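Subject: Structure handover

Hello,

Please find the structure below, with the sequence. Notes on what was found in it follow.

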Amino acid sequence: MDPDEIMMTTEEAMEKAAHHLQHEMSTIRTGKASPALVENIDVEAYGSQMKLKQLALITTPEARLVVIQPFDASTTQAIEKAIRESNIGINPNVDGKIIRLPIPALNEERRREMVKNLKHMAEESRVRVRSVRRDGIEALKKAQKAGTITEDDLGSYEKDVQKLTDDFVKKIDESVNSKEAEVMKV
C-alpha cells in the first residue's frame, strides 16, 4: 500500500473516532433542551425498530422543554414507551398527539455522574485513536519491508502518524473539557 494512502486512511479513522465521541456527547443531557437528547432513541413502530427522528418532528420551543410531534398519531404510545425505557431520566407528558419532555434541572450528584461518564467516553475515544496509530505504523513498517519506502521515510511517516495522534487526542480532550464545563454550569 502507498504510504500516502496509509496516512490518509489513518487520519480518516482517527477522525471517525473523534466524530463518534462528538455524537455520543450530544446525547448527554446538560439541563438544556436539545433534540439530540431523544432523536436516536429506537422506537418499535410499523413492525420494526426506527429512530425517533424518523417518526416525529422534534423541537425545543423553550430552554427546558422538548416537544415531539409524531407524523402519525398511531405511533404516539410507542414513542412514549421508548422514551420511558431509554434511561434518559425524563418522563414524557402526552397531550393528545403531542409529547412534551420537561427537562428537570440537574442536581450536583447527577452532574458529577455525567462528568464521570464523559471522561469514560473520552478515554474510549483516545484508545481508538491510539489503536489506529498502531495499525498505521504497522502498515508503514510492512511498506518499508516491501521496499515501497526507505527506513528514513518510515521514521518521517511515523512522526507524522504520532503528530496526527497527538492532534486528535488534543481535540478529544478539548471537546470533553468543553462539555464538562457545560454540564457543571449551574
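In what order do the strands of the open sheet of four stand? The order is β3-β4-β6-β5, with antiparallel pairing.

Some conventions before the rest. This is a predicted model, in which local features need pLDDT of at least 70 and side-chain atom pairs count only at pLDDT 80 or more, while totals for chains, interfaces and linings use all residues. Residues are numbered from 1 along each chain as its sequence is written, and side-chain values use heavy atoms, with hydrogens and water left out. Helices (H or I, at least four residues) and strands (E, at least two) are DSSP runs, numbered from the N terminus. Two strands pair if DSSP finds at least two bridges between them. Axes are lines fitted to C-alpha atoms, for helices over the stretch in contact, and angles run from 0 to 180 degrees between N-to-C directions. Contact means heavy atoms within 4.5 Å.

β3 (residues 56-62) and β4 (residues 65-70) pair in the antiparallel sense over five bridges, and a hairpin of two residues joins β3 to β4. Within this pair, Thr 59 has Val 67 of β4 as its bridge partner, and Glu 62 stands opposite Leu 65 in β4. Helix α3 (residues 76-85) lies across β3, β4, β5 and β6 (98-102), and runs at about 20° to β6.

The helices

The axes of α1 (residues 3-26) and α5 (residues 151-184) come within 11 Å and cross at roughly 10°. The two helices are therefore roughly parallel (an angle under 35 degrees; over 145 counts as roughly antiparallel, 65 to 115 as roughly perpendicular and the rest as oblique). Their contact includes Met 7, Met 14 and Leu 21 of α1 and Leu 164, Phe 168 and Ile 172 of α5. Its residues divide into twelve nonpolar, four polar and six charged. Here Ala, Val, Leu, Ile, Met, Phe, Trp, Tyr, Cys and Pro count as nonpolar, Asp, Glu, Lys and Arg as charged, and the others, Gly among them, as polar.

α1 also packs with α4, at an angle of about 170° and with the axes 9 Å apart; α1 and α4 are therefore roughly antiparallel. Among the residues of this contact are Ala 13, Met 14 and Ala 17 of α1 and Val 129, Val 132 and Leu 140 of α4. The division is 16 nonpolar, four polar and three charged.

The cores

A nonpolar core is a set of buried Ala, Val, Leu, Ile, Met, Phe, Trp, Tyr and Cys residues joined through side-chain atoms within 4.5 Å. Buried means under 20% relative accessible area, exposed over 50%, and partly exposed in between (1.4 Å probe, protein chains only). In the largest core, of 29 residues, Val 129, Leu 140, Ile 172 and Val 176 touch the most other members. α1, α4 (108-145) and α5 each give two or more residues to this core, with α4 giving the most, ten. Apart from this core lies another, of 21 residues, including Ile 58, Val 66, Ala 82 and Ile 83.

Tyr 46 is in the loop between β1 (42-45) and β2 (48-51). Its phi is near 55°, a positive value in a residue other than glycine. At 54% relative accessibility, Tyr 46 counts as exposed.

Regards
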